[in-house]
Amino acid sequence: MESIEGLSARINQLQNEANEALARGDVDALTRIREHLQAAERQRNRVWEEALASASSPSPPHSPGSRAEGPEESLPVVTPTTARDAVRMALTDVGAPLDPKQIQLWGTAKYRTSFATSRAVYSLRRDEQRAWRQNPDGRFFYICPAISHDTLAPARAALTVSTWDDEDRILSPYTPRVAYLKLVLATAAAVKECPAAGPGDRRQLEVLLAKLARPLPNLPPRLADPAVVGEVAESELALIATADEDIRRASLERLAALSDEQRLFGQPLKVHSTSRRHA
Amino acid sequence: MSTDEFEARLEAFRGDLPAVRPNARTVAAALDTPDCRRRRILEAASVDKSELARHLGHPIPAAQSPFALRRGNLFESAVKENGDAHLIAELRKQIDLPIPATRHKDLSSSRARTKGLKEMKLRAKETQAALSLLLSEDPYAPNVLDHAVTSLEVGGSTVYLEQDALAHYTGNKLYVVEIKSFPVINNQVDPVKLRPATRQAAVYILSLQQTLARMGHSPEKVATDAVLICPRNYDLTPTSATLDTRQELRGLRRQLDRAASVSELEALLPQGLTLSAADTEHCAEAVEQLPNAYRPACLDSGCELAYYCRSRARDAGETVALGTPVRQAFGPVDMIDDVLAMADSGIAPSRYEQDLAADLIHMQKLYRAAGGGAA
Ligand code: SF4
């Protein structure tokens, strides 16, 4: 497979060519270049998928103040090109099960993409299980529902990635709150890390931070201050993170005992029909 | 007859008409017309009365505009987004919910693949399981229950109600949360909106009290204050208040005591009677077999059949069809023809009665000119 550097260079070149064709008004050339461009982008996405899927657990959000340094900095800016991609990236960035609305908020503010509309995400969830059934090894990762810790049934809205550890895919009663707090932290960190990306990007993230921070307790009026908001979210998270983990871990054994499919997509809730009483 | 059998009979009676889920508003409103058996039977059978009214040719304008409905849904999802973030924030303000008490459980529909009454029964069971865990003081028991289903006994039949949310923390009371989309402007709520909201909260509280009692717990564990969450001003930023529902609760209990019993309803529902979406005449005949008690108050109580029942009352020549002032003016004389005869009798009517009689004569003329009634 072509290297990521080679692919990125080719994509850049094709984009320039497309712009030139557009400027000339040469529609035929534009159509042809666009096809090449899309093929190259697909190829690049596969390389990314492969690389990201090999990182098996969700990465915690960068701690506030620590800008990514070293080799990461030289990577091209990654933007999702499909809804599926946007979902996986949001989940990995935040490191907790999120619902479609949260995924959409993150995708819009962080990557300025509009792929991950709630509807797209919901239908994605169905498609993924179908695709898994056809070929469990067909994709590098699958988008899965979080699994309720008690019933081991799929949670209604929260999503995870199949490559995560089992315990990270389980939903305890605390998890929705934990996920919200982690989303706040990821947003606060992103605002801090953002200055280089231009004022437009940062503004979107700040708006998201202000929105997310509003229901947090004891906040001063300057809601979009990432340091202050981060601190409040962090201190609440500290109060519940251990309990959340304990509850999720307690279900690990039961989850491991399920079939491969149910381990990823949850076991259907059994309805103990009242008709049995009449039988 | 067992409850199951009566439920099956009610379902057969509904025929192919769409079903609707009862809610606190419909339960409270039906209690305002306690004498009407027709409404009770139709509601017990979950008949969509607005659909029925349309079939019968007397549709009633929707109680809520599509715009208001949409705003309501938007507001509820704003309150509940991000793991109930705003709901939790308001609970912290109103009932001093401790910071770590954020254990959430979603008891909404799609968890189990059932529909209709069966789904509600299943969800009521799931809610009871969650409540038992909560009341056992298990430190990990979810203390914010979304879309819990509780049940209320009305004259011996069970009505399942979906709550917006229930909240509780160890050692304290269980609170009913009501999410409403009417605005709080300068800390003021329109009393016209607040009154029904308080009454609906009381219905939810009563059904939660009954649910706890059936589980062998004290109904005292339910707070008689409900937490009301509304948008502040005109945007969708949530704010909250507590509503004291004690007075409404007393009123509701009195009304429930008066509600017709299941055995009475059973006796009134003719065997084999069914409604049919395809056949209006058949539908009307079936409805007419259920005794009603039309009052002008039917309109205020939001009964969707009000226009239909009123037109029937008018056809039958009852003064009640002409509204409260007319009915009150003529007291015990309840047939329009009798009133007209009085007007012809030579007894000098008062000024007010003259106007009324003139109106009646005019309407009667118009009505007959249009071909209504016997000449
Ligand atoms: S409108 Fe008709 S059905 Fe409704 S309560 Fe009044 S009498 Fe009963």
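In the predicted model described here, B:Asp96 is exposed, with a relative accessible area of 56%, where exposed stands for over 50% relative accessible area, buried for under 20%, and partly exposed for values in between (1.4 Å probe, protein chains only). The phi of B:Asp96 is near 50 degrees, a positive value in a residue that is not glycine, and B:Asp96 lies in the loop between H5 and E1 of chain B; helices (H or I, at least four residues) and strands (E, at least two) are DSSP runs numbered from the N terminus. Most residues other than glycine have a negative phi. In chain A, A:Leu152 likewise has a positive phi, of about 60 degrees, without being a glycine, and is placed in the loop between strand E1 (143-148) and strand E2 (154-161) of that chain, but A:Leu152 counts as buried, at 2% relative accessibility.

Because the model is predicted, local features need pLDDT of at least 70 and side-chain atom pairs count only at pLDDT 80 or more, whereas totals for chains, interfaces and linings use all residues. Residues are numbered from 1 along each chain as its sequence is written, chains are lettered from A and ligands numbered from 1 in the order in which they are written, and side-chain values use heavy atoms, with hydrogens and water left out.

The contact between the chains (heavy atoms within 4.5 Å) takes 30 residues from chain B and 30 residues from chain A. The buried area, that is, the accessible area (1.4 Å probe) that two parts lose on being put together, summed over both, is about 2500 Å² for chain B and chain A, with carbon and sulfur atoms giving 54%. Five salt bridges are found across this interface, each being a side-chain nitrogen of Lys or Arg within 4 Å of a carboxyl oxygen of Asp or Glu. B:Arg92 forms a salt bridge with A:Glu236, with the closest N and O atoms 2.8 Å apart. On the side of chain B that touches chain A, two or more residues come from each of helix H5 (66-95), strand E1 (104-106) and helix H6 (116-135), and H5(B) gives the most, with eight residues.

The residues around the ligand (a heavy atom within 4 Å) include B:Cys36, B:Arg38, B:Cys298, B:Cys303 and B:Cys309. Helix H3 (37-44) and helix H12 (306-315) of chain B each supply at least two residues of this shell. The buried residues of H12(B) are B:Ala306, B:Tyr308, B:Cys309, B:Ser311 and B:Ala313, and their cover includes H3, helix H10 (280-288) and helix H11 (297-300) of chain B.
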